[in-house]
Amino acid sequence: MPSVPDEPDPPAAAVPGDGDGQGRPRRQVLAAASGAPEQIHLTWGRDPATSVSVSWATPQAAVRPRVLLSGPAGSRVASAVRRTYTDGLSGELVYTYHAQLTGLRPDAAYSYVVTADNIAAPAPVSATFRTAPRGRASFRFTSFGDLATPNPAWARSYGQAACAVAAVESFQPLFHLLNGDLSYADLNPAHQPAVWRDFGNNAQSSAAHRAWMPCPGNHEIEFGNGPEGLASYLTRYTLPDNGVPGFRGRWYSFRVSSVLFVSLDAGDVVFQDAGPLVAGPDPLEPAPASGTGSIPAGTSFYVRGYSRGAQTAWLERTLAAARRDTSIDWIIVQMHQDAMSSSATGNGSDLGIRQAWLPLFDQYEVDLVLSGHDRDYERSFPVRGFDGRAGRDAVTGAPVPTMRPRPVTTDPDATVFDTSHGTVHLILGGGGTSTPVNAYGIDARDGQRQAKVFTRPNRPAPAPVPGTFSRAGADALEDATWSAMRDPDSGYGIAVFDVHPGEVRGGMTSIMMRYFHAIGADPVNPASGRPGHPTPKYTELEAITLVRRRADA
């Protein structure tokens, strides 16, 4: 069921004969802890220097949900609006709440308390955060995707998910970019809200203290939950408005210092069908309370083209405006699926992104693209333009136009890159799932790095077992001349970015990226075959520096 618009707070019930002596009834305390906040997380508002959204969920409806804010200008109360959705498979009604904190001071520390009238806990939940700086200023952010939960009862979940959240806190960033595939609830169709609950409560230890800015991945798509399957994701998160009617929350942008961050839903353009699939032979039978009918075997949730070009048109307007703005130096794009991946056991690259968005990234000099999807680490050389027919069919070997991105350098020892000449792509899919894919492709003919590429849809087809269905892997191959760095030693890691705006008008500005990986965390290391276990220890794999001239020359 799709999410509903913001709803009024439910009225408090009066206790007969219980009042203040003047006929005014007091609010009734409902069932124990029914309004207790959980899964608390922050996101940026319209202007990260002055606005933050506080969001949370409750087991039952909260009475007078609110945030008590304290900061440099004193204290105030911000009322929360309620949003609900009914899970399209279990029929469970999910309650979420969102309080907008506006009029904040830039680069200032705040504390807050999340509370309601029907909380039976000993004390309400409290946390702190800092707003973004105004104007050109240094700051740090972190990023990974594909987190899952630390509860091994759920498909794709693993204990490293808790270590990953702790890693974010260890670096104390201003905010964190979460590059899609948040909870993997869709892989647990009978228990989707419970999986989301474990995800949110795990992330809360960081996300309650700093904005976690997500993008949707293929595993946010859920049967019965809205036209693109994103009702749970959209109900739980309050994200900056993109100004496109009917599509709020699916893609957006925000600005911190001299950096514009652009968050996209690549599911709108990719060829790969990777949403939920009823593999069969039995149909998927939702709970009667859900109102969703039986879903036949062979059904998948494929959303390519859902915006009918609205997202790409918005992207071009946004990038063009950014490059006209002399106060914006950097453009960083976040999305889930990959334009360039040479994973041998994962998904691979997608021509849909290359066709729809890479020409725009070239035209407007996008500096950095962060993604996930393949649960590993890979860095590209800076790329600009493409080689039209560098690919070949994975079966027949016939030439295929994969639009292979063209590297502007292939120096393996280079660590400083001027991104005005080419865009660097990072795959940061090492959040915390149980299935890392850090084994990479090699062309057996010449020993070169090799990538798989989807160039057409891979819709479900009958499998060898009667009544079952599967989806084929990528249909094309190419030599991955764009691949600069891989990490076969660990499928888990976090990228840390330090932005330095420069001191001189028209001078150079830089972003240092350091990637830290968790050696030994892989359940089975693909290179050695040795078993591993979750670890809180992250060590540096590599550091690079991106540079470009400031736009205020």
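Two strands count as paired if DSSP finds at least two bridges between them. In this predicted model, strand β14 (residues 252-256) and strand β15 (residues 259-263) meet that test: they pair in the antiparallel sense over five bridges.

**The hairpin**

Two residues sit between the strands of the β14 and β15 hairpin. One feature there is Ser257, which takes a positive phi near 55°. Val256 has Val259 of β15 as its bridge partner. Strand β14 has two faces. Tyr252, Phe254 and Val256 make up the covered face. Ser253 and Arg255 make up the uncovered one.

The whole structure holds 23 aromatic pairs.

| Pair | Geometry | Centre to centre | Angle between planes |
|---|---|---|---|
| Phe139 and Phe261 | edge-to-face | 6.4 Å | 65° |
| Phe175 and Phe261 | edge-to-face | 5.2 Å | 90° |

Phe139 lies in strand β11 (residues 139-144) and Phe261 in strand β15, so their pair ties together parts 122 residues apart in sequence. Phe175 lies in strand β12 (residues 175-178), so its pair with Phe261 in β15 ties together parts 86 residues apart in sequence.

Phe139 and Phe261 are both buried. The cut-off for buried is under 20% relative accessible area. Phe261 has a relative accessible area of 2%, so Phe261 is buried. Phe175 is buried too, at 0%.

These rings belong to one aromatic cluster, formed by Trp44, Phe139, Phe141, Phe175, Tyr252, Phe254, Phe261 and Phe497. Tyr252 and Phe254 in that cluster are also on the covered face of β14.

**A charge over a ring**

Arg304 lies over the face of Phe271, at 4.0 Å from the ring centre.

Technical notes
Residues numbered from 1 in each chain as written. Predicted model: local features only at pLDDT ≥ 70, side-chain atom pairs only at ≥ 80, totals over all residues. Heavy atoms only, no water. Buried < 20%, exposed > 50% of the residue type's maximum accessible area, 1.4 Å probe, protein only. Helix = DSSP H or I, 4+ residues; strand = E, 2+ residues; numbered from the N terminus. Phe/Tyr/Trp six-rings, centres within 6.5 Å; stacked < 30°, edge-to-face > 60°. Lys NZ or Arg CZ within 6 Å of the ring centre and 35° of its normal.
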